[in-house]
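Please read it alongside the sequence and the coordinates.

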Amino acid sequence: MYAFSSSEELQTFITLIYFISLLPQLIFWGGIAPYNLWKNKKQKKGTTPPVSIIIAARNEADNLPKLLSSLVNQDYSSFEIIVINDRSTDNTGKIIDQFIQKHNLIRKVEIQETDTNWSPKKYALTQGIAVAKYDNFLFIDGDCWVESDKWVATMAPYFLQYDILIGVGLYKKIEGSWVANMTQFETLSTAIQYSSFSNIGINYMAVGRNFGYTKNIFDNANGFQKHKSVLSGDDDLFVNQMSSKKNTVTIINSNALTYSLPEKDWKTWFRQKTRHVSASYHYKFSNKLILGTLSASHISVYFIYLLMIPLEMANLLQLSVLLLIRTLLIMVCFKKFTKMVGEKIKWWHIPILDLMLIAYQILIGVSSVISKRKTWI
């Protein structure tokens, strides 16, 4: 075992190890993310493609009125809304019928029983896709809504150039709630991450509450057959399977956002995130390697630093400078992204929530291994 000849040599070694651990973070927040956030993405000019908006809803009677009201008022020339009532035991079906009576662009698909070999949500979406009139699909969840009447108009033109559209779905901010703050921060961080990697041709996920693809690529994938029995992943596993640099685009635009309410307590939030992350175990190995490296780098940056504080080492100043550089890069990227999507985040919340995100990554990672949830919603 190598013995260091002096404390200076040991401190130099620790600084080097810290820099190597930090390097993936510096590459992402100092290179990949800025390249995406400051890049000007242009839509292809042309006719407006017709769109089928598809919603899988189970027991969403309390949420559907707000969602459907926001969709029927979209400023777009040609679209339909397909709502799949998936074995609901509340008034979901009645709510849909009431909207159908007032708006002929809404259609309902009833599911009384699902195939036990399928993920229920994937089975429901497949039934909705089967009756769609148009070949371009936009997806949004039943507990979401849109605030801009330009959502379809902003998303749809990208179908002229791409087969897969990855949007951003945000949670509504609730002042004074750290659960909501954490939900917002994690959602923003995830969106920056997947949109930035997508910008350099690495597509590994999407969010089903703001997602789109063409009938052609759905047919080429043979639908969800490859992962139909996996509970989650109607969005990210489909992207993992079918995306490429040329056929996929991420859309960051204040008019192209969907919203939903965050969970009210840590326990419910924790269960939700465990379910969301479960599909990641089915990602391509290359995607898992990249995400694992970035996550390990994030954890080690703080772990090594905190480990050095009690030792009172002279190179702690050097480590502090490196950590400060990373923190400033994250702040700059968050400020740019939130400006693009019309959101606000307090600058002093960012380092606190970034540290909390480490606990989230560790706990969710462990929990998702042993979790055996059986519901999709």
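Rings of Phe, Tyr and Trp (its six-membered ring) pair if their centres lie within 6.5 Å. The model described here is predicted.

**Aromatic pairs**

Ring pairs link F28, W29, F185, F197, Y204, Y283 and F334 into a cluster. The structure holds 18 aromatic pairs. Two of them, both involving Y204, are set out below.

| Pair | Geometry | Centre to centre | Angle between planes |
|---|---|---|---|
| F197 and Y204 | edge-to-face | 6.2 Å | 70 degrees |
| Y204 and Y283 | tilted | 6.1 Å | 55 degrees |

Why do F197 and Y204 count as buried? The cut-off for buried is under 20% relative accessible area. F197 counts as buried because its relative accessibility is 6%, and Y204 is buried because its relative accessible area is 4%. Y283 is buried as well.

**Charges over rings**

Two lysines are placed over aromatic rings. K66 lies over the face of W145, at 3.6 Å from the ring centre. The charged end of K172 sits over the ring of Y259, and the distance to the centre of that ring is 4.3 Å.

Which strands pair with β2? Strand β1 (residues 51-57) runs parallel to β2 and is joined to it by 7 bridges. Within this pairing, A56 stands opposite I84 of β2. The chain passes from β1 through helix α2 (residues 64-72) to β2, and this β-α-β crossover is right-handed.

Strand β3 (residues 106-111) is also parallel to β2, with 6 bridges between them. R107 in β3 is the bridge partner of I82. Helix α3 (residues 92-102) lies in the unit formed with β2 and β3, which is a right-handed β-α-β unit. Strands of a sheet pair through backbone hydrogen bonds, either parallel or antiparallel.

**Helix α4**

Helix α4 (residues 120-131) has 12 residues. From its first C-alpha to its last it reaches 18 Å, close to the 16 Å expected at 1.5 Å a residue. Buried residues in α4 are P120, K121, K122, Y123, A124, L125, G128 and I129.

**The three-stranded sheet**

An open sheet of 3 strands has the order β5-β10-β7, and its pairing is mixed. β5 (144-145) and β7 (168-171) stand at the edges. Each has a single partner strand, so one side of each is left without a neighbour in the sheet. β7 pairs with strand β10 (residues 257-260) in the parallel sense over 4 bridges. The bridge partner of G169 in β10 is T258.

Notes. Residues numbered from 1 in each chain as written. Predicted model: local features only at pLDDT ≥ 70, side-chain atom pairs only at ≥ 80, totals over all residues. Heavy atoms only, no water. Phe/Tyr/Trp six-rings, centres within 6.5 Å; stacked < 30°, edge-to-face > 60°. Buried < 20%, exposed > 50% of the residue type's maximum accessible area, 1.4 Å probe, protein only. Lys NZ or Arg CZ within 6 Å of the ring centre and 35° of its normal. Pairing = 2+ DSSP bridges. Helix = DSSP H or I, 4+ residues; strand = E, 2+ residues; numbered from the N terminus. Right-handed = clockwise from strand over helix to strand, strands pointing away. Expected span 1.5 Å × (residues − 1).
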